[in-house]
Amino acid sequence: MNQAAVSWHSYSDAQLADMVQNGRVHSRIYTDQAIFELELERIFSRIWIYIGHESEVPNDGDYQMRDIGRTPVLLVRGNDHKVRVLVNRCRHRGAQVVETESGNVPSFRCWYHGWTYDTSGALINLTGAEAYGKDFKIEEMGLSPVPRVASYRGFVFASLATDGEPLETFLGRAATMIDLLVDASPTSEIFADGGTHKTEYNGNWKLIGMDGYHPHYTHASVIAAMHRKPEAGIGATHREDPFVDTARTRTRDFGHGHAMLDFRDHRIHQYEMNAAFIRKISGGEAYVDAMHQAHGEQAPLLISLAGDPHLGLFPNMQLINNQIRIITPLAANRTRVTMTAVRLGGVSAEINATRLRQHESFYGPAGAGSPDDAEIFERVQLGMQAEVNPWLEISRGMERERVDDDGSIVGLISDEVPQRGMMRYWSALMNSAA
Ligand code: FES
Ligand SMILES: [Fe+2]
């Protein structure tokens with residue numbers, strides 16, 4: 001791309017299209033605030049965005065504060081037990097009606113002038129009602145529902161666009177990867193209540209992706225520990241290194257920007273070791289039996305994978321290890337990552353506790369892994385300020401990737417198949433002004 005042809009803060013569709021090429025992307029898509037604003041409009045205001053899991057609002061009146069781009073929303077279970085996604089904006093003069101991250105309330109009372117909404121969103125107390133004319137219809141002044149809401153196995157998604165493809169089409173083949181987490185429970189129940197922690201890093205939201213190339217370098221100390229002790233935990237037993245291209249691990253692009261680091265063949269190959277590890281935990285024998293009863297021939301895979309599809313669902317959800325992760329774009333150079341640990345239904349407290357300890361050890365604020373990732377993203381963001389040779393190389397494995405039987409594109413673990421898949425969809429969304 002001829003840089004001189006790009007005017008700051010304004011890009012034509014052709015210029016945007018030019019920024020994602022075969023095997024390379026222009027760094028400005030990560031650094032330019034004008035492109036970030038376009039992303040909010042063309043991606044976050046249009047497609048399905050992950051909001052939260054139904055288990056985060058188990059009781060009537062439970063809510064969680066979430067965002068769709070810059071639109072503040074509430075995931076709330078109403079007094080009719082129905083889960084809704086409502087815009088967190090008072091219908092009077094626009095104040096947020098909720099300012100705490102989560103809680104349980106009988107109603108939402110706006111602090112500004114006291115308008116009160118019930119937990120299904122209806123306006124139930126209009127202060128000084130006599131001052132409003134006969135055309136003021138209280139029943140039309142409830143909290144606005146987000147135009148489209150749909151869920152898949154308890155995962156609630158919403159879209160600010162009134163029209164668009166159904167959630168099922170959007171998820172496509174990636175939906176069955178969500179199953180790999182839910183069905184790690186013998187009762188097929190997960191509870192997103194294992195605790196939440198957050199990281200904010202000074203870097204772009206698109207940097208955090210499914211990268212099977214970096215562990216040996218960014219997480220060298222963790223890989224070294226894994227080699228010293230291959231029985232590292234539930235679903236983390238590795239007789240063989242998963243991050244070498246001779247391993248059975250793969251990268252996979254499902255379309256719609258959804259991608260995964262596919263550990264299935266690698267883990268099932270080590271089933272005996274995985275099953276032996278979990279059997280040693282209190283309740284482990286019962287778990288293995290219950291899994292076989294509930295899931296039949298799928299059980300060895302589900303036990304080995306331990307609920308870790310390692311899936312990136314474009315644009316804002318990731319299912320990694322024992323967590324549901326929400327990526328929130330704050331600015332071109334600022335991103336929030338919200339990590340909520342999951343508890344499996346139908347398993348012993350010891351199994352869930354072990355899973356949680358493993359989560360903390362890699363992903364926690366003082367963990368051995370995640371803080372390194374955040375540090376790397378900040379270094380990338382700083383490096384990308386240079387516009388001398390501004391292209392990022394994402395061509396790794398392009399010559400050896402292939403289309404698999406299920407239609408997904410598959411590559412070896414270090415191949416940049418996920419990065420290409422994500423940017424291909426990004427480009428398609430950004431270049432359609434419709
Ligand atoms: S802005 Fe909410 S009551 Fe006035
Ligand atoms: Fe990492």
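Two residues are in contact if their C-beta atoms, placed from the backbone, lie within 7 Å. The model shown in these views is predicted.

**View 1. Domain 1 meets domain 2.** The domain assignment of the chain gives two parts: domain 1 covers 50-159, and domain 2 covers 183-430. Their C-alpha centres are 33 Å apart. Contact involves 5 residues of domain 1 and 10 residues of domain 2. On the domain 1 side, the touching residues comprise 1 nonpolar, 2 polar and 2 charged.

**View 2. Three strands form an open sheet.** The order is β8-β9-β10, and the pairing is antiparallel. Strands β8 (107-109) and β10 (123-125) stand at the edges. Each has a single partner strand, so one side of each lacks a neighbour in the sheet. From one strand to the next, the twist averages 35°.

**View 3. Strand β9 pairs with β10.** Strand β9 spans residues 116-118. Its antiparallel pairing with β10 runs over 2 bridges. Look for Tyr117: its bridge partner in β10 is Leu123. Strands of a sheet pair through backbone hydrogen bonds, either parallel or antiparallel.

**View 4. Helix α14 is mostly covered.** Of its 14 residues, 10 are buried. Among them are Val417, Pro418, Gln419, Arg420 and Gly421. Met422, Met423, Tyr425, Trp426 and Met430 are buried too.

Notes: Residues are numbered from 1 along each chain as its sequence is written. Chains are lettered from A and ligands numbered from 1 in the order in which they are written. This is a predicted model: local features need pLDDT of at least 70, side-chain atom pairs count only at pLDDT 80 or more; totals for chains, interfaces and linings use all residues. A residue is buried if 20 or more other C-beta atoms lie within 10 Å of its own, exposed if 12 or fewer, and partly exposed in between; C-beta atoms are placed from the backbone. Helices (H or I, at least four residues) and strands (E, at least two) are DSSP runs, numbered from the N terminus. Two strands pair if DSSP finds at least two bridges between them. Axes are lines fitted to C-alpha atoms, for helices over the stretch in contact, and angles run from 0 to 180 degrees between N-to-C directions. Domain bounds come from an automatic or database domain assignment. Ala, Val, Leu, Ile, Met, Phe, Trp, Tyr, Cys and Pro count as nonpolar, Asp, Glu, Lys and Arg as charged, and the others, Gly among them, as polar.
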